[in-house]
Amino acid sequence: MSKIKRHKKAHFAKMREAGHLAANVLNYLELSIVEGVTTGELDRLCHDFIIKHNAIPATLGYEGYPKSSCISLNNVVCHGIPGNEVLRNGDILNIDITVILDGWHGDTSRMYTVGTITPHASKLIQVAYNALMKSIELVGPGVHWGNVGHFIETFVASNGFSVVKDYCGHGIGQIFHDLPQIDHFGTPGEGFIIREGMFFTIEPMVNAGLEETVLLDDGWTVVTFDNSLSAQFEHSIGITEHGAEIFTKSG
Ligand code: MF3
Ligand code: CO
Ligand code: CO
């Protein structure tokens, strides 16, 4: 049996602080998401903001990852590496930030849009957002994770989209990627039983087309197999007596 950590009340306070900072990075970026800016410039803003607030960008140097954020544009599912790519009218993008503040990780991501996007892209973003927020409402002590995973998968499919199965959420705390593995699909009554004090992320990746993904030659960038658009939102949460606390509320 694998062991999923259960954290004390005092550790909720540490996660609240780390989560709040990560959320503030996402809020801070909002004004800079404009046509003509490069993803590399956005990453620089993230890096400087995190350092200025006495934290460490967790992704920088993580298993060799070279940047302080992940920026995933259009058909990129996750782990897009910021660089020379220029934002264009109609683009949709996910920015994923993880900070380490006083040893604790805050991990969150959200979607941004550039100029005018299509109604189809807009629906995709809305479904990805609702998949995350509705799933958090289902979470609480005694619930099998499979019930929540099943909800996410069927909710996304009922909207005509597909959920990525190749990448998952994760336990979080003093370790970036810990147990449990949070699949965004499942079978009711199966999976681990959620308990008070557990900390984990939920971060469903929703594809407009097929669920299959391809890893590019850079070893990080994950794209949709069929080049369809992909959207994702992520929160870090802690399980309370009756439900879940969102550590990374933003917006
Ligand atoms: N923040 C991502 C997550 O949600 C992980 C990025 S790891 C990196 O788990 F190395 F790609 F940055
Ligand atoms: Co993340
Ligand atoms: Co994560």
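Is E63 buried or exposed? E63 is exposed, with a relative accessible area of 64%. Keep in mind that this is a predicted model. E63 sits in the loop between β1 (56-57) and β2 (70-73), and its phi is near 50 degrees, a positive value in a residue that is not glycine. N74 is another non-glycine residue with a positive phi, about 55 degrees; it is placed in the loop between β2 and β3 (76-78). For background, most residues other than glycine have a negative phi, and most peptide bonds are trans. P180 belongs to strand β8, residues 178-182.

Now the metal. The cobalt ion (ligand 3) is held by D107 through OD, H170 through NE2, and E203 and E234 through OE, at 2.0 to 2.2 Å. Along the chain, these donors are spaced D-x62-H-x32-E-x30-E. E203 lies in the loop between β9 (199-202) and β10 (205-207), E234 in the loop between β13 (230-232) and β14 (235-239), and the two are 31 residues apart. Both glutamates, E203 and E234, are buried.

For six octahedral donors, the ideal angles are 90 or 180 degrees. The cobalt ion (ligand 2) is 3.3 Å from the cobalt ion (ligand 3), and D107 coordinates both.

Last, the surface. L210, V214, L216 and F225 make up a nonpolar patch with about 350 Å² of accessible area together. L216, in the loop between β11 (213-215) and β12 (222-224), is partly exposed, at 36% relative accessible area.

Notes
Residues are numbered from 1 along each chain as its sequence is written. Chains are lettered from A and ligands numbered from 1 in the order in which they are written. This is a predicted model: local features need pLDDT of at least 70, side-chain atom pairs count only at pLDDT 80 or more; totals for chains, interfaces and linings use all residues. Side-chain values use heavy atoms; hydrogens and water are left out. Donors are N, O and S atoms within 2.8 Å of the metal (3.2 Å for Na, K and Ca); water is not among the atoms, so sites may look incomplete. Helices (H or I, at least four residues) and strands (E, at least two) are DSSP runs, numbered from the N terminus. Buried means under 20% relative accessible area, exposed over 50%, partly exposed in between (1.4 Å probe, protein chains only). Patches are made of residues with over 30% relative accessible area and no salt bridge: like charges are joined within 9 Å, nonpolar side chains (Val, Leu, Ile, Met, Phe, Trp, Tyr) within 5 Å. Accessible areas come from the Shrake-Rupley method with a 1.4 Å probe; for residues, only the protein chains shown count as cover. A salt bridge is a side-chain nitrogen of Lys or Arg within 4 Å of a carboxyl oxygen of Asp or Glu.
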